[in-house]
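Hello,

Here is the structure I promised to pass on to you. Have a look at it first, and then read on for what turned up in it.

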There are 2 protein chains.
Amino acid sequence: MKQSHLFTKTRKDAPKDEVAKNAQLLIRAGYVHKEMAGVYSFLPLGLKVIENIKTIVREEMNKIGGQELSLPALQDKNLWEKTGRWDDKVVDNWFKTKIANGTETGLGLSHEEPLTNLVAGYVSSYKDLPFSAYQFQTKFRNEMRAKSGLMRGREFLMKDMYSFSATEEQHLEAFKKAREAYVTVFKRVGLGEITYVTQASGGVFSNELSEEFQTISDAGEDVIYVKDDMTAANDEVLADERVVGMGFSKNLSEKKSIEVGNIFHLGTKYSDALGLKFKTDTAEEKSVIMGCYGIGIGRLMGTIVEALSDENGIIWPESVAPFKAHLLCLAPDDENVKMLADDIYRELEGNVLYDDREHARGGEKFADADLMGMPYQIIVGKKSHQDAIEVKHRKTGKVETKSMSEIIEWLQSK
Amino acid sequence: MKQSHLFTKTRKDAPKDEVAKNAQLLIRAGYVHKEMAGVYSFLPLGLKVIENIKTIVREEMNKIGGQELSLPALQDKNLWEKTGRWDDKVVDNWFKTKIANGTETGLGLSHEEPLTNLVAGYVSSYKDLPFSAYQFQTKFRNEMRAKSGLMRGREFLMKDMYSFSATEEQHLEAFKKAREAYVTVFKRVGLGEITYVTQASGGVFSNELSEEFQTISDAGEDVIYVKDDMTAANDEVLADERVVGMGFSKNLSEKKSIEVGNIFHLGTKYSDALGLKFKTDTAEEKSVIMGCYGIGIGRLMGTIVEALSDENGIIWPESVAPFKAHLLCLAPDDENVKMLADDIYRELEGNVLYDDREHARGGEKFADADLMGMPYQIIVGKKSHQDAIEVKHRKTGKVETKSMSEIIEWLQSK
């Protein structure tokens, strides 16, 4: 894509009320726009990152048999009354509104109730189980204070999967598969080395422990204790004897971290309340055992920025970058330079962002490329020729010299 | 995909309160689930149709230079007050709610205001124009009565594109390109022959005529007068002398129709109100000229069902079908039949829905396949062998006999 065609531009400054590094960088680089506190628009380059993350998550959910669907934002109050979660005293961050005919409705802050009710229409026998269903859907949470940029929004995109099992054995198998898929997701988005499977409390859902996926970051609001290169425990459960028994304690390395995903045992809380039952092979009626598995897609984008950026800007991992490389034409008024850059662009159109701007100086182009964070910068200047073009690695700053054909072959294979 | 793995099932009956044919068929076939009046969930097969339609629309919007982004549902009241559209007396179908800190907000029923405001942060010169930006986003409209199934929902997915131009000439060029892209979209989704570019009133937006894309259907709420195989006029503008001048009148063929898209001239209504200005090459300050271009994605899915179904069920065009073909194994307990069907499935996994259910009778499988509407049915029964397998065309009922390798080659090439 040609940068001159992109309607967004970089900015020197983020809005003054925006204190989180992730939002500051994403706004300055032209990836997101702040609409209100906790509410962001995704601009063309930002949406590409979101779509890349979604593709990775979707592939991993599909691999473990997840069936994708899409539930609405508007919620049927009757369903939430059955589980006791409609009451503002129980769930204090609802957005509620009214349909023109006077019926109260609310904006989905999660989707256990409608999905459990929906599934009850299709499940009657143990033969219909187990299965998992998931969606990418906007959640609305009426936080008193929205903070931390994309980390804690009032409106945000989430992947939520739910598993439905006939037996505890099936449920534990689904839970284990989800855990493995999550480990793969965080590896693929470039956070594998700093993300830990973390023991955590089951919250309001269950007495059983849940697991969070926590990414080390100074911007984190959580504190975890890291045991080895894969596992940790949340500070809330360090006193739990099950957690102590796994070898966790305050003596381990203490880190600030961001919760990028979680997997919960729901037991039969929702299936009991909403009548999701099945007949066993001996015609006994039982409630379906459920699990739920969340990843905040926008939060994950923000976490990548928090964890991997440097003082000059964002550093996208290749897997989620809007473009693999940023092609910089440093002297667009020099015919030879322009022709060489145009030639490279023609071959790599879909893979590179081409800074073809005529009136931007070289220094500005370098600064923008560092801020915007494509993994590689292909630098075409007066000294460049077909056999010698500089390629800078955004992360390490290392510069290599490659021929045009090498660059094309290398990026086309990505 | 194996039908035995799909958690949804077909149903004999739709909910009693559902009178629209599109929703009845889509619910019975397991494509959508009704949450509340005017609010539907998209089940795995239904979401595939939605995604196929989105892909076609996205490709055509990208071809004319549209830049995809994503704006939020929660709206900043201040922006809508500037255009006078916050007031319930002016716009009577808002869903409004309050943020925990007391600030009023509303759910986006359209996105002119936030996008105009956003774009104003990036446009300052004629050199920044023209461009177009679009999104696929949920709209919320608080209709007193939600009716017609997917045709008029309270929550629905829409593609809305907006063009931003410096001159009337640029604007008319953008408008013309959008018209051509829309003609292509409706052709590609299988409605080309019954969809008309229709002269219509500019509504509250403009004195200029707008254009609607109207698809002939008995379920339609609109009435159009058809001039030739491409163009028509809405009954609301038949008295307009500009429309008379184009040769439209009550004497033309009158048809009931569904509005599947529209393209509007917005002029400078929004850019004036929200300060979207630019400097011309003579440093004169002017307001940006805007156009807007909508397609209801769910409504388009519903229209395809209304227009192309028959008494046995849905008939998807290949371009939007969840799977190209439905593979029916009529005798799963006959080892040879099962093996042949399994062999075909192995080669065509992503392209076919495989009715591998063990306990469903042949008649049930035929009825389900007709109801669910894949364009082709590959019928594997006791008389089938590698060189002779029946393929039924869902639309015409025509049956051909093909070899297994012919079927595989033919479907893989689709």
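To start with something to look for: in which loop of chain A is Ser148(A) found? Ser148(A) sits in the loop between E7 and strand E8 (155–165) of chain A. Please keep in mind that this is a predicted model. The phi of Ser148(A) is near 65°, a positive value in a residue other than glycine. Most residues other than glycine have a negative phi, and most peptide bonds are trans.

You will find Ala283(A) in the loop between strand E14 (277–279) and strand E15 (285–287) of chain A. With a relative accessibility of 55%, Ala283(A) counts as exposed, because exposed means over 50%.

Next, the peptide bonds. In chain A, Leu129(A) and Pro130(A) are joined by a cis peptide bond, with omega about -5°. Pro130(A) belongs to the loop between helix H4 (112–120) and strand E7 (131–140) of chain A. In chain B, the bond from Leu129(B) to Pro130(B) is cis, with omega near -5°, and Pro130(B) lies in the loop between helix H4 (112–120) and strand E7 (131–140) of chain B.

Now for how the two chains go together.

In the interface, 54 residues of chain B are in contact with 54 residues of chain A. The area buried between the chains is about 4,700 Å², and carbon and sulfur atoms give 61% of it. There are 2 salt bridges between chain B and chain A; one of them joins the side chains of Lys9(A) and Asp128(B) (3.1 Å, N to O). On the side of chain B that touches chain A there are 27 nonpolar, 16 polar and 11 charged residues.

Thr105(B) is buried, with a relative accessible area of 0%. A polar atom of the Thr105(B) side chain lies 2.7 Å from the backbone oxygen of Gln75(B). Thr105(B) touches residues of both chains, including Met36(A), Phe95(A), Trp86(B) and Phe95(B).

Best wishes

Note on methods: Residues numbered from 1 in each chain as written. Chains lettered and ligands numbered in written order. Predicted model: local features only at pLDDT ≥ 70, side-chain atom pairs only at ≥ 80, totals over all residues. Heavy atoms only, no water. Contact = heavy atoms within 4.5 Å. Buried area = accessible area lost by both parts, 1.4 Å probe. Salt bridge = Lys/Arg side-chain N within 4 Å of Asp/Glu carboxyl O. Nonpolar A, V, L, I, M, F, W, Y, C, P; charged D, E, K, R; others polar. Buried < 20%, exposed > 50% of the residue type's maximum accessible area, 1.4 Å probe, protein only. Polar contact = N/O pair within 3.5 Å; in protein donor to acceptor, adjacent residues only side chain to side chain. Helix = DSSP H or I, 4+ residues; strand = E, 2+ residues; numbered from the N terminus. Lists of a residue's contacts leave out its neighbours within four places in sequence.
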